[in-house]
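Please open the structure in a viewer and keep the selection panel at hand. The stops below are to be taken in order.

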Amino acid sequence: MAAQPSDTLATLKTESETLKTKLEEERAKLHDVELHQVAEKTEALGQFVMKTRRTLKGHGNKVLCLDWCKDKRRIVSSSQDGKVIVWDAFTTNKEHAVTMPCTWVMACAYAPSGCAVACGGLDNKCSVYPLSLDKNENLAAKKKSVAMHTNYLSACCFTNSDMQILTSSGDGTCALWDVESGQMLQSFHGHAADVLCLDLAPSETGNTFVSGGCDKKSCVWDMRTGQCVQSFETHESDINSVRYYPSGDAFASGSDDATCRLYDLRADREVAIYSKESIIFGASSVDFSLSGRLLFGGYNDYTINVWDVLKGTRVSILFGHENRVSTLRVSPDGTAFCSGSWDHTLRIWA
Amino acid sequence: MSGSSNIVAMKKIVQQLRFEANINRVKVSQAAAELQQFCVQNALQDPLLTGVSSSTNPFRTQKVCSFL
């Protein structure tokens with residue numbers, strides 16, 4: 001006799017609940033200590049003096065995204081007004097400017113070679129612009145459309161070469177693309193809502209990346225197979241930003257639930273929460289200092305909180321922006337970090 | 001409402017959960033110790049942590065340098 005469809009569905013649902021419980025039990029068995037307890041013996045951090053050292057002005061509207069060039073001095077940033085600007089952060093000069101055909105350019109990235117930038121947003125695409133040495137040349141003329149999603153582009157980043165780009169989208173998926181042909185090499189399905197952010201694992205760790213979304217979940221993906229290898233669901237709201245710990249063994253996330261959290265990949269669980277009762281606005285963007293000891297978080301209350309990753313305490317709070325901090329990245333050599341804000345500016349802190 | 005597509009979706013979820021439940025994990029104490037060790041080993045090479053002086057941090061110099 002054929003099984004009733006409703007019975008099979010019910011059986012599967014029960015099995016899924018059982019497996020979820022088993023997953024939590026397996027994780028709990030290994031939860032023998034808290035990270036901050038292990039860190040009790042670590043020397044406490046001293047006072048931090050970090051100030052705005054440069055202010056980059058020129059965007060006509062909210063800055064939504066930024067990325068550093070590997071040369072540690074150039075920065076690409078994108079804005080709600082459709083402009084993408086390449087800056088020399090040392091001199092604050094604008095080196096290139098492109099006007100996108102859409103507003104809300106939510107994503108931008110510098111190519112590893114420093115010779116191109118990628119960007120996209122409400123156009124649902126990710127486009128690559130080769131950067132010309134000739135300042136008068138119209139960059140838009142050489143534009144190459146690479147990725148096509150069915151909803152907004154939320155984040156993009158080049159893999160280890162200029163040849164491939166990883167994207168995340170409001171359509172709930174991530175994808176890996178070949179820049180030259182525009183072909184999709186792999187797609188990543190598993191989020192139940194918009195994917196808002198992604199980060200590539202440090203090259204020594206292998207071919208994985210992490211993504212975070214409006215389903216409150218963060219997922220670690222195998223780039224070759226498209227499979228989600230680990231997922232975490234402890235945030236209470238949208239995850240706006242994810243960033244790998246420098247060793248590649250953990251990652252941090254920032255969320256609208258006003259917390260940042262650290263997940264260890266080998267322990268397969270959340271190992272720290274960075275929060276305070278006084279912090280009630282969402283964290284939009286996070287990044288680590290070079291050693292992983294400091295976690296910088298940009299928040300919707302216009303501040304940047306600096307956290308001691310091991311001890312779980314806040315070591316500094318930085319004021320300066322006059323509206324939400326929407327994006328934040330530490331420079332490749334760790335000498336400074338840059339924040340972008342809805343106040344139309346970028347600030348370099350050191 | 002399509003019964004069979006719900007079942008296909010649920011099967012995928014169950015498969016994924018089975019996969020995730022079976023991965024190898026280490027104890028938090030070991031994982032935490034390794035995170036801490038990484039921080040300590042790299043602390044001196046972390047300019048934002050150690051507070052690099054003005055002479056070596058290009059962003060802290062008062063004058064704008066031109067690089068030849």
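Begin by selecting chain B and displaying its surface: the accessible surface comes to about 4,500 Å², and 56% of this belongs to carbon and sulfur atoms. Accessible areas are from the Shrake-Rupley method with a 1.4 Å probe, and for residues only the protein chains shown count as cover. The model is a predicted one, in which local features need pLDDT of at least 70 and side-chain atom pairs count only at pLDDT 80 or more, while totals for chains, interfaces and linings use all residues; side-chain values use heavy atoms, with hydrogens and water left out. Residues are numbered from 1 along each chain as its sequence is written, with chains lettered from A and ligands numbered from 1 in the order in which they are written.

Helices (H or I, at least four residues) and strands (E, at least two) are DSSP runs, numbered from the N terminus. Of the 68 residues in this chain, 32% count as buried; buried means under 20% relative accessible area, exposed over 50%, and partly exposed in between (1.4 Å probe, protein chains only).

Next, select residues 28-42 of chain B, which form helix H2. Its 15 residues reach 21 Å from first C-alpha to last, close to the 21 Å expected at 1.5 Å a residue, the expected span being 1.5 Å times one less than the number of residues. Show the side chains of B:Val28, B:Ala31, B:Ala32, B:Leu35, B:Gln36 and B:Cys39, the buried residues of H2(B). They lie on the same side of H2(B) because they cover an arc of only 135° around the axis, taken from the directions from the helix axis to the C-beta atoms. On the other side of H2(B), B:Val40 and B:Gln41 are exposed.

Which elements of chain A do the buried residues of H2(B) pack against? Select helix H2 (35-38) and strands S19 (250-255), S20 (260-264) and S21 (269-274) of chain A to see them.

Contact (heavy atoms within 4.5 Å) joins 66 residues of chain A to 41 residues of chain B. The two chains bury about 4,600 Å² between them, 69% of it on carbon and sulfur atoms; buried area is the accessible area (1.4 Å probe) that two parts lose on being put together, summed over both.

Finally, look for the three salt bridges between chain A and chain B. One of the salt bridges pairs the side chains of A:Glu15 and B:Arg18 (2.6 Å, N to O). The criterion is a side-chain nitrogen of Lys or Arg within 4 Å of a carboxyl oxygen of Asp or Glu.
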